[in-house]
Amino acid sequence: MIPPIQVSASESRLPVVNLDPAQLEEGSSLWADAWHRLKKNRLALLSFWIVVFMGVFCFVGPFLSPYSYIDQDLMRTLESPSWAHPFGTDDLGRDQLTRLMVGGRVSLGVGIIATVVSLMIGVVFGAVAAYLGGKIDNAMMRFVDVLYALPFTIFVILLMTIFERSILLLFVVIGAVEWLTMARIVRGQVQALRRQEFVEAAISLGLSTRRILLRHIIPNVLGVVVVFATLTVPAVILLESFLSFLGLGVQAPLPSWGSLIKLGSDNIQQFPHLLIVPSFFFSLTLFALNFLGDGLRDALDPKSSRD
Amino acid sequence: MFKFILFRLFQSVVVVFAILTLTFFMVRLTPGGPFSAERRMPAYILERINAYYGLDQPLFKQFGNYLGNLLRGDLGPTFTETRTVNEIIAATFPVSAELGLWALLIALILGLPVGILAAAKRNSVIDYGTMSAAMVGICLPTFVMGPILALIFGVWLRWFNVSGWFTAADRVLPALTLGLVYAAYFARITRGGMLEILNQDFIRTAEAKGVSSRNILLKHALKGGLLPMVSFMGPAIAGIISGSFVVETIFQVPGIGRQFVSAAFDRDYFLVQGTVLVYAILITLANLGVDIIQVMLNPRLRFEDSQ
């Protein structure tokens with residue numbers, strides 16, 4: 001940790017140049033501190049690089065592959081790994097490596113976009129509820145309580161079977177599930193913030209509610225939001241893969257890690273590599289994201305770190 | 001206390017009713033009925049089938065009929081089988097209940113002692129080792145854990161059958177798959193709860209008085225330390241239920257979870273409603289039980305309640 005800059009009594013009589021506020025801020029900004037602490041956490045740093053690797057692997061990889069994820073070669077189905085197909089081929093003779101990369105793109109993409117969707121709903125909902133307070137707050141949070149009580153997996157499954165499946169629906173459904181916790185967390189934070197002097201100052205300056213919320217309150221809860229978001233991404237990926245495993249996620253022929261694991265689990269007797277490889281990539285990504293989230297929490301809020 | 005239980009009971013009935021209503025209209029308001037996907041049949045036959053099941057009547061009348069039958073304990077017919085919904089649930093529910101109870105038992109027997117031990121030996125090799133293992137357990141969702149366990153113990157070691165639900169040994173893999181994830185959660189939550197209590201002043205007082213560390217752990221800290229665990233039981237039971245959808249599919253367990261998923265696929269209205277009703281009752285009962293136990297364990301909540 002960077003020690004806070006001490007200004008002793010003798011120094012304070014020195015010319016103002018030495019106390020340039022820009023320099024002071026630079027030394028101890030929240031994000032710089034956090035990055036510094038994160039770098040010390042080896043596990044979190046390793047996780048960070050794994051996530052970066054997975055991102056490159058899934059988003060750039062498919063362009064480098066000689067195959068596309070839909071190219072079928074019915075003469076070469078369910079092949080074991082070879083030079084031509086490093087991870088073998090699936091039941092329709094499609095290159096498993098390419099499908100793994102595209103599947104990861106779907107899983108990570110859904111994870112990130114659905115998290116952003118749930119984040120926006122949750123942050124705005126929670127902030128508005130806490131800022132307005134009183135009866136409106138009460139009604140809004142009761143609504144969240146009611147939704148919490150519903151067995152969501154069941155409704156997600158119903159929604160996915162009922163409507164024509166599309167990735168868009170997947171975003172909406174998952175986003176609709178995940179924003180609840182976000183709303184609660186943000187509400188708690190904002191409730192603490194709105195009693196502070198700088199908000200009072202903003203009110204007395206005559207700023208609009210909208211402006212106070214967007215410019216003064218929400219930026220202050222961003223740290224918590226970022227931490228929760230990194231932990232939401234793996235949760236979303238999990239939910240998407242869960243649905244895809246049950247055959248309710250993305251529409252074939254588009255793969256996702258969940259549907260690849262499903263194919264593997266159907267063929268464990270003869271072709272265990274079809275299960276092991278996607279399971280490994282999927283679990284490694286979840287690990288990395290979870291550890292990165294934990295590391296970020298420790299880095300952004302040292303008080304809450306373990307013990 | 002009695003008033004509290006009565007109020008929560010009333011609340012549970014409202015939640016179950018809300019879930020039932022939502023399910024009823026969600027399933028019916030969607031395009032395509034249970035017979036639309038079948039081989040094309042003459043319109044007059046379709047009309048007759050719909051009339052037979054009462055599907056030609058206005059929705060609200062159908063809902064009234066359904067509720068009326070429900071009060072008499074009749075969950076309605078199925079469209080895909082000759083059995084009624086009552087018969088299917090009577091046949092499949094005990095299987096799922098058994099699976100769920102084994103899983104819960106495994107989770108408790110593994111998770112609690114590990115969590116307590118990790119808290120007692122905090123920051124030791126035991127602590128880091130078990131918590132890393134718990135992280136692995138959390139990151140491996142049921143649909144990865146299940147096939148992997150089946151591969152190792154079913155295909156490679158041949159200790160258990162890969163699927164089926166006939167002998168006592170067939171219970172092992174599904175229950176382990178479902179239980180291990182929650183064992184991991186329980187361990188982490190118990191550790192956190194215990195640590196919070198162990199840092200409090202009354203524990204230091206007990207230490208100063210010379211109470212043995214074993215007694216401090218089991219007599220002074222345990223009751224308070226288990227509180228977060230108890231509040232997690234509600235979500236855990238809901239999670240075990242949704243996990244059973246996957247586990248029953250992987251291991252071919254003839255339980256209610258598989259029925260629900262296939263009923264949703266087939267748009268088997270009454271079967272969907274019946275299974276969702278069972279789940280809704282289970283989950284709300286679990287939440288109710290958790291709330292009551294929580295109030296009983298935590299005197300502070302009782303105080304708030306009486307004010």
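From the N terminus on, chain A runs α-α-α-α-α-α-α-α-α-α-α-α. That is 12 helices and zero strands. The model is a predicted one. Chain A has 307 residues, and 41% of them are buried. Its contacts often reach across the sequence. Take the contacts in chain A between residues at least 6 apart: 69% of these join residues at least 24 apart.

Start inside chain A with helix α5(A), residues 96-132. This helix has 37 residues. From first C-alpha to last it reaches 53 Å, close to the 54 Å expected at 1.5 Å a residue. How much of α5(A) is covered? Most of it: 27 of the 37 residues are buried. Gly133(A) follows the helix, and its phi is positive, near 65 degrees.

Now turn to where the two chains meet. Chain A gives 29 residues to the contact and chain B gives 33. On the chain B side, the elements that give two or more residues are α1 (2-28), α5 (125-139), α6 (142-156), α10 (227-250), α11 (256-266) and α12 (269-297). Which of them gives the largest share? It is α6(B), with seven residues. By class, the chain B side that touches chain A has 27 nonpolar residues, five polar ones and one charged one.

Follow α6(B) across to chain A. Its partner here is helix α11(A), residues 257-266. Two packed helices are described by the angle between their axes and the distance between the axes. For α11(A) and α6(B), the axes come within 10 Å and cross at roughly 20 degrees. An angle under 35 degrees counts as roughly parallel, so α11(A) and α6(B) are roughly parallel to each other. Their crossing is left-handed. From α11(A), the residues that meet α6(B) are Gly258(A), Ile261(A), Gly264(A) and Ser265(A).

Next, look within chain B. Helix α5(B) packs on α7(B), residues 172-198, at an angle of about 135 degrees. Their axes are 8 Å apart. Are these two helices parallel or oblique? At that angle, α5(B) and α7(B) are oblique to each other. α5(B) passes α7(B) in a left-handed crossing. On the α5(B) side, the residues in the contact are Thr130(B), Met131(B), Ala134(B), Gly137(B) and Ile138(B). They meet a set in α7(B) that includes Leu180(B), Ala184(B), Tyr185(B), Arg188(B) and Arg191(B). By class, the contact of α5(B) with α7(B) divides into nine nonpolar, two polar and two charged residues.

Ser244(B), Phe245(B), Glu248(B) and Thr249(B) make the contact from α10(B). From α11(B) come Gly257(B), Arg258(B), Phe260(B) and Val261(B). The contact of α10(B) with α11(B) has three nonpolar, three polar and two charged residues. Both α10 and α11 of chain B are also among the elements that give two or more residues to the side touching chain A.

How values were computed: Residues are numbered from 1 along each chain as its sequence is written. Chains are lettered from A and ligands numbered from 1 in the order in which they are written. This is a predicted model: local features need pLDDT of at least 70, side-chain atom pairs count only at pLDDT 80 or more; totals for chains, interfaces and linings use all residues. Two residues are in contact if their C-beta atoms, placed from the backbone, lie within 7 Å. Helices (H or I, at least four residues) and strands (E, at least two) are DSSP runs, numbered from the N terminus. Ala, Val, Leu, Ile, Met, Phe, Trp, Tyr, Cys and Pro count as nonpolar, Asp, Glu, Lys and Arg as charged, and the others, Gly among them, as polar. A residue is buried if 20 or more other C-beta atoms lie within 10 Å of its own, exposed if 12 or fewer, and partly exposed in between; C-beta atoms are placed from the backbone. Axes are lines fitted to C-alpha atoms, for helices over the stretch in contact, and angles run from 0 to 180 degrees between N-to-C directions. Angles under 35 degrees count as roughly parallel, over 145 as roughly antiparallel, 65 to 115 as roughly perpendicular and the rest as oblique. A crossing is left-handed if the near helix is turned anticlockwise from the far one by less than a right angle, and right-handed if clockwise. The expected span of a helix is 1.5 Å times one less than its number of residues.
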